[in-house]
Amino acid sequence: MSLERYLLPISILCFCCNTCYSNPIEGRLSNCVDEVLPHKEIAYPTYFGTINNEDHRFQSELTKAIGFKPIISRLRRLDNVGSSQTSNRVVNVDDFGAKGDGTDDTKAFEKAWEEACSFAPSVFVVPKNKNYLLKPITFSGPCRSSITIKILGSIEASSHQSDWNNKDGKHWLLFKMVDNLRVEGGGTVNGNGKTWWENSCKTNKLLALTFYSCKRLILSNLRIKDSQQMHVSIEECINVVASHLIVTAPDTSPNTDGIHIAGTRNIQIMNCVIGTGDDCISIVSGSLNVKATNITCGPGHGISIGSLGHYESKAHVAKVMVDGATIFGTTNGVRIKTWEGGSGNARDIKFQNIVMHDVIRPIVIDQNYCDSKDPCPEQCPVSPESCPRLAYSEPEAVKFSLTKKRGKGTP
């Protein structure tokens, strides 16, 4: 089913996943956002406040590229490092030996981080007009005080898979247990993922930019592109704002989720453009209080909750709202996907004010999810009565998979 300018209101108050146990568009989009707009300061009226000052030139160019008006304001470059925070210690990676000329700058970044983490507060600067090549690196906390990372230039991943041999094999840029962290600047994080796409492996996902166990995190005004697999992964974090991000990869790139949320509480994603080869936003178990607003999604697989309940596990997701999105050229619009044999629930899920263009399956609720080469074993069937509080206004747009088996197919 395809929909042309379809306005989607759906509210899922309780969705139980108990079974037995209880491209061309991407190219135009990338070209459109290549020019970074000049910075203008915008205040956050509250921590979860809405940013209202939109850049009309950016919207105009993006509208020309994708053929309709998206819900996105702008990408800003923050050049005036420390101008309003003169008491901050400025730590420039160039001062620690980084060259930004395509040679390995990992050691310089490690030294600069150790310095920045030791002072209160500090600004970690990646200068503009340079391209810094990094191997896998972990930015560990806790730090002495708050840290702002200004990515003004470009950071690019090594293309040699052997550089991951002595690491955990899953992370490129990992921020671990860093509280009061702000990452911004208008620059680019390039995962250089082509090598990984050619040797894709679903069982060993590689994450480009990961935030693990961080409290009070702000991620804003960055271009993140061509991740090895998942672009941004926010795991076990509390109180997060992700805004004004442009996340892109070819629609043929496997497993390249845009923003992945796992076990995270109180997160707002707003004013983002995401177009990849997988889910624009994926939300998995342990996530609570997730709000996504003003999202432009496509190409890719849409906005997903799940998959949940793999390997007969118990999974819970609650209080998720997607309010205001444009989804175009995707295989799915919004969906919930759970494996047979798992248990748990997805509660208080709301999708509203969503416009879709050329979406194959606008709404999918799939309790027989099977992302496997071989057919998944059939377990206890689930009937529509197991979702007694599912409300939707356009039944012809909803696709259920509750009792019918699904093999390899929709990912």
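Which cysteine forms a disulfide with Cys 280? The partner is Cys 297, and the two sulfur atoms are 2.1 Å apart. The model is predicted.

## The Cys 280–Cys 297 link

The torsion about this S-S bond is about 85°, so the disulfide is right-handed. Cys 280 sits in the loop between strand E17 (265–275) and strand E18 (281–283). Cys 297 belongs to strand E19 (residues 288–297). The pair therefore ties together parts that are 17 residues apart in sequence.

Cys 280 has a relative accessible area of 0% and is buried. Cys 297 is also at 0% relative accessibility and counts as buried.

## The Cys 117–Cys 143 link

The disulfide count comes to two. Cys 117 and Cys 143 form a disulfide, with 2.0 Å between their sulfur atoms. This link is left-handed, at -105° about the S-S bond. It connects distant parts of the chain, 26 residues apart. Cys 117 lies in helix H3 (residues 106–117). Cys 143 lies in the loop between strand E6 (137–140) and strand E7 (147–151).

Are these two cysteines buried or exposed? Cys 117 is at 13% relative accessibility and counts as buried. Cys 143 is at 18%. The cut-off for buried is under 20%, so Cys 143 counts as buried too.

## Other cysteines

A disulfide needs sulfur atoms within 2.5 Å.

Cys 237 is buried, at 1% relative accessibility. Cys 272 counts as buried as well, at 0% relative accessibility.

Phe 124 is placed in strand E4 (residues 122–126). Its relative accessibility is 2%, so Phe 124 counts as buried.

Which residues does Phe 124 touch, beyond those up to four places away in sequence? Among them are Val 91, Val 93, Phe 109, Ala 112, Trp 113 and Ala 116. The contacts of Phe 124 also include Phe 139, Thr 148, Ile 149 and Lys 150. Helix H3 spans residues 106–117, and strand E7 covers 147–151. The C-alpha atoms of Phe 124 and Ile 151 are separated by 8.4 Å. Along the chain, Phe 124 and Ile 151 are 27 residues apart.

Notes: Residues numbered from 1 in each chain as written. Predicted model: local features only at pLDDT ≥ 70, side-chain atom pairs only at ≥ 80, totals over all residues. Heavy atoms only, no water. Helix = DSSP H or I, 4+ residues; strand = E, 2+ residues; numbered from the N terminus. Buried < 20%, exposed > 50% of the residue type's maximum accessible area, 1.4 Å probe, protein only. Contact = heavy atoms within 4.5 Å.
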